[in-house]
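Subject: Structure handover

Hi there,

Here is the structure I promised to pass on. Have a look at it first, and then read on for my notes.

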Amino acid sequence: MRLLVVEDDKDLNRQLGAALEQAGYAVDRAFDGEEGHFLGDTEPYDAVVLDIGLPKKDGVSVLEQWRKAGRTMPVLILTARDRWSDKVQGFDAGADDYVAKPFHMEELLARLRALLRRAAGHATSEIVCGPVRLDTKAGRVVVDGTAVKLTSHEYRLLAYLMHHSGRVISRGEIVEHLYDQDFDRDSNTVEVFVGRLRKKLGVDVIQTVRGLGYMAAPPEAGGR
Ligand code: CA
């Protein structure tokens, strides 16, 4: 999952980025409304953390413009504690959720997880695909009751495929949603990670759809 953080407070932006990366997301950062608007308008993010009080272009305007342009990614806004009107304007502009500053990082992470899984149509924090269970809260993967240790890149890939299970995901989409904009994006690495994941999981939940990409789906009856 790839996220955008738009926050002009440099310390907070850094803390947010670090916490989100720690939680397994690829993160792009913007420090003003213009830069944030541009990135959210041109890059495919799975969710955005958007401060309302921003230089150059305020967060409500940024959000309004995204929505007007048909950008539907979940957006969580950051508001000042004493500014209830920020929340009203934010929701009216198309925000999906908010946290008021100062906030606990754990709360923001939990709200983001909820937004991401709801956007993908999942009601709970555990996503199941055949024998594979993905605990998005703990960042754990269990196959047939046994925990499987994955690297952060392997986890990101599996989490993305399982959030969108049953849908064919192209390599290009995987690359765009797994890596931040500074990452060296070579779609061949996707194949390598898929290979490693299959080996570690030991079950056929990642199917190759020839010429199109990959799909997370329960193993077919009679398969492994
Ligand atoms: Ca601000």
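Which domains does the domain assignment of the protein give? There is domain 1, covering 2-119, and domain 2, covering 126-221. Please keep in mind as you read that this is a predicted model.

Let me start with how the two domains meet. The C-alpha centres of domain 1 and domain 2 are 26 Å apart. On the domain 1 side, 13 residues are in contact with twelve residues of domain 2. The size of an interface is often given as the accessible area lost when the parts come together. Here the area buried between domain 1 and domain 2 is about 1100 Å², and carbon and sulfur atoms give 46% of it. Within domain 1, the residues that lose the most area to domain 2 are R2, P44 and R113, which together make up 38% of what that side buries.

What holds across that interface in terms of polar pairs? Two elements, β2 (26-30) and α5 (105-119), each supply at least two residues of the side of domain 1 that touches domain 2. The residues on that side divide into six nonpolar, six charged and one polar.

Next, the metal site. Which protein donors does the calcium ion have? They are D8 (OD), D51 (OD) and G53 (O), at 2.2 to 2.3 Å from the ion. Along the sequence, the spacing of these donor residues reads D-x42-D-x1-G. D8 sits in the loop between β1 (2-6) and α1 (10-22), whereas D51 belongs to strand β3 (residues 47-51); the pair links distant parts of the chain, 43 residues apart.

D51 also turns up among the charged pairs. The salt-bridge count comes to 15 by the rule used. In one of these, D51 pairs with K101, with their closest N and O atoms 3.1 Å apart. Because D51 lies in strand β3 and K101 in strand β5 (residues 97-101), this pair ties together parts that are 50 residues apart in sequence.

Finally, two backbone details for your notes. Most residues other than glycine have a negative phi, and most peptide bonds are trans. The peptide bond from K101 to P102, however, is cis, with omega near -5°, and P102 is found in the loop between β5 and α5. K56 is not a glycine, yet it has a positive phi of about 75°. You will find K56 in the loop between β3 and α3 (59-68).

Happy browsing, and do write back with any questions!

Best wishes

Key: Residues are numbered from 1 along each chain as its sequence is written. This is a predicted model: local features need pLDDT of at least 70, side-chain atom pairs count only at pLDDT 80 or more; totals for chains, interfaces and linings use all residues. Side-chain values use heavy atoms; hydrogens and water are left out. Domain bounds come from an automatic or database domain assignment. Contact means heavy atoms within 4.5 Å. Buried area is the accessible area (1.4 Å probe) that two parts lose on being put together, summed over both. Helices (H or I, at least four residues) and strands (E, at least two) are DSSP runs, numbered from the N terminus. Ala, Val, Leu, Ile, Met, Phe, Trp, Tyr, Cys and Pro count as nonpolar, Asp, Glu, Lys and Arg as charged, and the others, Gly among them, as polar. Donors are N, O and S atoms within 2.8 Å of the metal (3.2 Å for Na, K and Ca); water is not among the atoms, so sites may look incomplete. A salt bridge is a side-chain nitrogen of Lys or Arg within 4 Å of a carboxyl oxygen of Asp or Glu.
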